[in-house]
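Hi everyone, thanks for making time. I'd like to walk you through the charged side-chain pairs in this one.

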Amino acid sequence: MYEYDVQQARAAELIRRADQERLAREAVRAGRAARRDAAARTSEAEAHTGRPRRRWSTRAA
């Protein structure tokens with residue numbers, strides 16, 4: 001009976017650890033997605049400033 005209790009405790013600990021690791025991975029993914037969305041929003045805002053990025057003609061010497 002003792003061995004069964006030890007095995008049950010070990011299984012419960014492994015399940016808890018797996019849940020914690022799953023939550024950590026989800027948090028990392030959510031952070032990456034948030035940064036990706038923020039970068040996309042800032043690049044869209046910068047891309048439509050109305051000013052040309054480079055000169056259309058060469059500079060005079």
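Let me start with Arg 22, which is partly exposed at a relative accessible area of 39%; here buried means under 20%, exposed over 50%, and partly exposed in between, with a 1.4 Å probe and protein chains only. Please keep in mind that this is a predicted model, where local features need pLDDT of at least 70, side-chain atom pairs count only at pLDDT 80 or more, and totals for chains, interfaces and linings use all residues. Residues are numbered from 1 along each chain as its sequence is written, and side-chain values use heavy atoms, leaving out hydrogens and water.

So which residue does Arg 22 meet in a salt bridge? The partner is Asp 19, at 2.6 Å from N to O. A salt bridge here is a side-chain nitrogen of Lys or Arg within 4 Å of a carboxyl oxygen of Asp or Glu. Asp 19 is partly exposed too, at 34% relative accessibility.

The others bring us to Glu 13, which is linked with Arg 16 and Arg 17 in a network of salt bridges. Glu 13 and Arg 16 have their closest N and O atoms 3.0 Å apart, while for Arg 17 and Glu 13 that figure is 3.9 Å. Glu 13 and Arg 16 are 3 residues apart in H1, which spans residues 2-47; Arg 17 and Glu 13 are 4 apart.

Terms used
Helices (H or I, at least four residues) and strands (E, at least two) are DSSP runs, numbered from the N terminus.
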